[in-house]
Amino acid sequence: MYTADDLEDAQRIVYAAMPPTPQYVWPLLAAEAGCEVWVKHENHTPIGAFKVRGGIVAMKRRKDHGLTNGVITATRGNHGQSIPFGARRVGIPATIVCPLGNSVEKNAAMRALGAELIEVGRDFDEAREAATRIAGERNLDFVPSFGPDLVVGVSTYAHELFRAAGALDAVYVPIGMGSGICGVIAARDMLGLKTKVIGVVAESANAYALSFEAGRPVATNSAATFADGMAVRIPHADAFHIIKHGAERIVTVSDDEIAEAMRTYYRCCHTLSEGAGAAPLAALLKEKGKMQGKRTGVILSGGNIDMPKFAEVLRGQTPQP
């Protein structure tokens with residue numbers, strides 16, 4: 001998917017903007033899961049999510065190639081922070097389209113990064129359709145949520161994890177549009193490891209699980225999960241191809257299981273996770289019988305959840321989508 005030179009260039013760009021994030025083995029999580037658990041803390045990036053790595057690389061490379069026109073993209077929040085974070089560093093204007101009813105705090109974070117925010121559509125996929133239309137109307141360059149520069153950028157977190165933890169038996173990764181899991185697959189293959197990469201989706205946003213089972217991209221009619229980072233109806237064909245050939249399986253978890261994993265993170269690690277960030281732990285706990293005594297990794301992909309929803313979770317409830 002990319003070369004050692006691509007990775008070295010991506011690392012140089014990313015680490016000019018942020019330090020590597022930590023990966024810790026938490027004893028209480030090990031007791032819960034019955035196995036060694038390495039948590040990759042992507043909730044510790046400058047935007048609280050892994051996506052920033054891809055935005056930094058994509059926007060820097062646009063600048064280097066003389067592509068300084070304004071950009072536009074669609075998001076539920078973390079991709080929409082990563083693009084303006086990277087764009088502002090190189091002087092490129094950014095417009096973000098998100099669906100109506102999107103996270104209030106993620107919207108505020110995107111505006112704080114200097115992005116123009118447009119709210120339209122019922123969900124991510126409708127916002128994406130609107131963004132492509134607006135791109136043409138305003139002569140902006142549309143930046144998709146999945147692409148080579150984004151994948152090589154976010155793959156830097158997987159290299160950090162594997163350098164620290166070595167050859168893990170399995171790594172659980174949430175799937176939104178697919179850049180995170182594809183980055184893990186690429187890093188694993190580049191390093192020649194035998195680690196099994198296991199994707200995770202929400203049961204009400206299970207397009208990638210259905211696609212994996214069918215062997216072809218399968219869209220769904222809705223993506224009704226409070227884990228907004230995974231709320232995707234239409235799989236990206238290129239991401240699906242990589243996942244199909246590089247992932248071991250895809251685990252589906254319920255919103256209740258995700259909420260319980262968020263509480264587990266807070267209780268065992270005193271760390272904040274959003275729904276998508278906790279989904280890998282939910283999947284590991286669901287499969288704890290398979291993982292007894294093994295060395296595992298879970299990607300805590302982000303910690304950006306609105307305070308009222310997190311308060312619900314801590315009260316033992318599951319937020320509505």
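Me: How much space lies in the largest cavity?
Reply: The model is predicted: local features need pLDDT of at least 70 and side-chain atom pairs pLDDT 80 or more, while totals for chains, interfaces and linings use all residues. A cavity is a set of points on a 1 Å grid over the protein atoms alone where a 1.4 Å probe fits but cannot get out. Points are joined across faces, edges and corners, and the volume is the space filled by probe spheres set on them. For the largest cavity this gives about 310 Å³.

Me: Which residues that line the largest cavity are closest to its centre?
Reply: Lining residues have an atom within 4 Å of a point. There are 26 of them, and the closest to the centre are K51, G176, M177, G229 and M230.

Me: Which element gives the largest share of that lining?
Reply: Helices are DSSP runs of H or I with at least four residues, numbered from the N terminus. The elements giving two or more residues are α4 (78-90) and α8 (179-191). The largest share, 3 residues, comes from α8.

Me: How many disulfides does the structure hold?
Reply: Residues are numbered from 1 along each chain as its sequence is written, and side-chain values use heavy atoms, with hydrogens and water left out. A disulfide is a pair of cysteine sulfur atoms within 2.5 Å. The sulfur of C268 is 5.7 Å from the closest cysteine sulfur, in C269, so this is too far for a bond. The number of disulfides is 0.

Me: Is C268 buried or exposed?
Reply: Buried means under 20% relative accessible area and exposed over 50%, with partly exposed in between (1.4 Å probe, protein chains only). The relative accessible area of C268 is 8%, so C268 is buried.

Notes
1 Å grid on protein atoms, 1.4 Å probe; cavity = no way out; pocket = protein on both sides within 12 Å on 5 of 7 lines; lining within 4 Å.
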